[in-house]
Amino acid sequence: MTTHKTGTHDQWLKARLELLKAEKDFTRRSDELARQRQELPWVQINKGYRFETDEGSASLADLFRGRSQLLVYHFMFGPDYAAGCPSCSSIADGFNGITEHLANHDVMLWAVSRAPLGKLQAYKRRMGWTLPWASPVGPDLN
């Protein structure tokens with residue numbers, strides 16, 4: 001049996017309006033943190049990172065595919081894993097529809113995981129995904 005508090009409509013409305021103020025404050029704080037994150041200094045990457053992709057070997061620059069921005073989702077799927085992380089998999093379920101939208105905004109999206117490419121490809125087929133997925137060559141990307 002539930003022990004959830006019950007009350008009148010007026011009590012609910014008063015509590016809801018108080019919560020709405022807190023939610024709006026939280027949103028403003030989140031927006032400010034996002035602004036600060038965007039202002040972090042950029043760091044030039046000089047390391048020659050390599051990746052295995054469906055099209056073969058690729059450099060970090062190749063992953064941009066001519067776009068000005070690259071979004072890399074570090075999908076937790078290690079070499080010893082039997083399947084991808086359940087939370088990452090749930091998030092990736094939404095990537096199929098967003099990749100074309102991002103491309104229209106000059107952004108390329110890749111999932112990157114440490115598992116071998118063949119393992120990633122099999123999981124991708126099993127899940128019905130079309131997102132580009134790469135496996136880094138070497139252990140130091142993460």
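In this predicted model, strand β3 gives the largest share of the lining of the largest pocket, namely five residues. That pocket holds about 620 Å³ of space, and a second largest pocket holds about 250 Å³.

**The largest pocket**

- The space in the largest pocket comes to about 620 Å³, and 16 residues line it.
- Among these lining residues, Ile45, Phe64, Leu70, Leu71 and Val72 are the closest to the centre of the pocket.
- Three elements each supply at least two residues of the lining: helix α2 (60–63), strand β3 (69–74) and strand β4 (107–112).
- The contribution of β3, at five residues, is the largest share.
- In terms of residue class, the lining consists of 13 nonpolar and three polar residues, and charged residues are absent from it.

**The second largest pocket**

- The second largest pocket contains about 250 Å³ of space.
- Its lining is formed by Ala34, Arg37, Gln38, Leu40, Pro41 and Trp42.
- By class, four of the lining residues of this second largest pocket are nonpolar, one is polar and one is charged.

- Helix α5 spans residues 117–127, and its residues Leu117, Leu120, Tyr123 and Lys124 are buried.
- Viewed down the axis of α5, the buried residues lie within an arc of 125°, and they therefore line one face of the helix.
- Arg125 and Arg126, on the other side of α5, are exposed.
- The cover over the buried residues of α5 includes strand β1 (50–53), helix α3 (86–92) and strand β5 (133–137).
- Gly128, which comes just after α5, has a positive phi of about 75°.

**Leu109 in strand β4**

- Leu109 belongs to strand β4, one of the elements that supply at least two residues of the lining of the largest pocket.
- The relative accessibility of Leu109 is 7%, so this residue counts as buried.
- When neighbours within four places in sequence are set aside, Leu109 is in contact with Leu71, Phe95, Ile98, Thr99, Leu102 and Pro132.
- One of these contacts, Leu71, is also among the residues closest to the centre of the largest pocket.
- Leu109 and Leu131 are 22 residues apart along the chain, and their C-alpha atoms are separated by 7.9 Å.

**Asp62 in helix α2**

- Asp62 is part of helix α2 and is partly exposed, its relative accessible area being 43%.
- From Asp62 to Ser113 there are 51 residues in sequence, and the C-alpha to C-alpha distance is 17 Å.

**Cysteines**

- The count of disulfides is zero.
- For Cys85, which is in no disulfide, the nearest cysteine sulfur is that of Cys88, at 3.6 Å.
- Likewise, Cys88 is in no disulfide, and the sulfur of Cys85 is the nearest cysteine sulfur to it, 3.6 Å away.
- Cys85 counts as buried at 15% relative accessibility, and Cys88 counts as buried at 3%.

**Loop residues with positive phi**

- Arg65 is not a glycine, yet it has a positive phi of about 50°.
- Arg65 is placed in the loop between α2 and β3 and, at 42% relative accessibility, counts as partly exposed.
- Asp106, which is not a glycine either, has a positive phi of about 65°.
- Asp106 lies in the loop between α4 (95–103) and β4, where it is partly exposed with a relative accessible area of 30%.

**Asp93 in the loop between α3 and α4**

- The loop between α3 and α4 contains Asp93, which counts as partly exposed at 45% relative accessibility.
- Apart from neighbours within four places in sequence, Asp93 is in contact with Met127 and Trp129.
- Asp93 and Trp129 are 36 residues apart in sequence, while the distance between their C-alpha atoms is 7.3 Å.
- Met127, one of the contacts of Asp93, falls within the residue range 117–127 of helix α5.

Key. Residues numbered from 1 in each chain as written. Predicted model: local features only at pLDDT ≥ 70, side-chain atom pairs only at ≥ 80, totals over all residues. Heavy atoms only, no water. 1 Å grid on protein atoms, 1.4 Å probe; cavity = no way out; pocket = protein on both sides within 12 Å on 5 of 7 lines; lining within 4 Å. Points joined across faces, edges and corners; volume = space filled by probe spheres on them. Helix = DSSP H or I, 4+ residues; strand = E, 2+ residues; numbered from the N terminus. Nonpolar A, V, L, I, M, F, W, Y, C, P; charged D, E, K, R; others polar. Buried < 20%, exposed > 50% of the residue type's maximum accessible area, 1.4 Å probe, protein only. Arc of directions from axis to C-beta. Contact = heavy atoms within 4.5 Å. Disulfide = S-S within 2.5 Å.
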